[in-house]
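Here is a short briefing on one protein chain. Have the sequence and the 3D view open as you read.

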Amino acid sequence: MKSWQSKINRLIFLLLVVAAGCNERSYSDYYDKPLSEWESYLSAISDHQQIELKNTVLLVLKSSECSPALAELSWWNSFTKDQKRIEVKLIIIEKYATTAKVLLEQENIFIPSYRDFAAVILDKDLLPSTPMKVYFDQQGEIENIKPIGAHSNEMEFIN
């Protein structure tokens, strides 16, 4: 009898541990990155331009990403044509400018883009990996972070 009860108690404990680890805001460490770190990073990769991130979706990917990520990139490209409420910007992690340019031309992407030739975004630990999307709200706070191409509803991502 005690061994049966012990097994049930262990199962309940295991379920509680799993439930405690499952939360809606995965990547929680990255939500706390201050806007100043993002602005400093963007200034460094954009020849010291002042880039506004308030009410912006920032798409970050390598030039060698898989087709689901490229399909979502195409969705965001169309999204920018139809509305002006939210800005969309793209960071391509790619050593060679020509390769980044070919990717944009081949995929017919006109989203404002910046090239991170040394993967500085990952070195600065602003994101855990690529491809990722980050939504900055009207105050410049990170509202949402998700992988690009992970079969999510993009409109829910920004609402």
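This is a predicted model: local features need pLDDT of at least 70, side-chain atom pairs count only at pLDDT 80 or more; totals for chains, interfaces and linings use all residues.

The chain has seven helices and five strands. Along the sequence they follow the pattern α-α-α-β-α-β-α-β-α-β-β-α.

**Overall fold**
- Buried residues make up 41% of the 159 residues in the chain.
- Among contacts with a separation of 6 or more, 67% join residues 24 or more positions apart.
- The chain exposes about 9,700 Å², and carbon and sulfur atoms supply 52% of that area.

**Helix 5**
- The buried residues of helix 5 are Ala100, Leu103 and Leu104.
- Seen down the helix axis, these buried residues fall within an arc of 95°, so they line one face of helix 5.
- Their cover includes strand 1 (56-62), helix 4 (67-82), strand 2 and strand 3 (113-116).
- The face turned away from the buried side carries the exposed residues Thr98, Lys101, Glu105 and Gln106.
- Two residues of helix 5, Lys101 and Glu105, lie four residues apart, about one turn of the helix.
- The side chains of Lys101 and Glu105 meet in a salt bridge at 4.0 Å, N to O.
- Just after helix 5, Asn108 takes a positive phi of about 55°.

**Glu94**
- Glu94 sits in the loop between strand 2 (87-93) and helix 5 (97-107).
- Glu94 is buried yet has no salt bridge.
- Its nearest side chain of opposite charge, Arg115, is 6.5 Å away, while a salt bridge needs the charged atoms within 4 Å.
- The side chain of Glu94 does make a polar contact with the side chain of Ser63, at 2.3 Å.
- Leaving aside residues up to four places away in sequence, Glu94 touches Ser63, Thr99, Ala100, Arg115, Asp116 and Phe117.

**Other salt bridges**
- The structure holds four salt bridges.
- One of them joins the side chains of Lys33 and Asp125, at 3.6 Å, N to O.
- Lys33 lies in the loop between helix 2 (28-31) and helix 3 (35-45), and Asp125 in the loop between helix 6 (120-123) and strand 4 (132-136), so the pair ties together parts that are 92 residues apart in sequence.
- Lys33 is buried, with a relative accessible area of 19%, whereas Asp125 is partly exposed at 34%.
- Lys89 forms a salt bridge with Glu87, with the closest N and O atoms 2.7 Å apart.
- Lys89 is buried at 6% relative accessible area, whereas Glu87 is partly exposed at 39%.

Notes
Residues are numbered from 1 along each chain as its sequence is written. Side-chain values use heavy atoms; hydrogens and water are left out. Buried means under 20% relative accessible area, exposed over 50%, partly exposed in between (1.4 Å probe, protein chains only). Lys and Arg count as positive and Asp and Glu as negative; His and the chain ends are not counted. A polar contact is a pair of N or O atoms within 3.5 Å; within protein, one must be able to donate a hydrogen and the other to accept it, and residues adjacent in sequence count only if both atoms are side-chain atoms. Contact means heavy atoms within 4.5 Å. The arc is that of the directions from the helix axis to the C-beta atoms. Accessible areas come from the Shrake-Rupley method with a 1.4 Å probe; for residues, only the protein chains shown count as cover.
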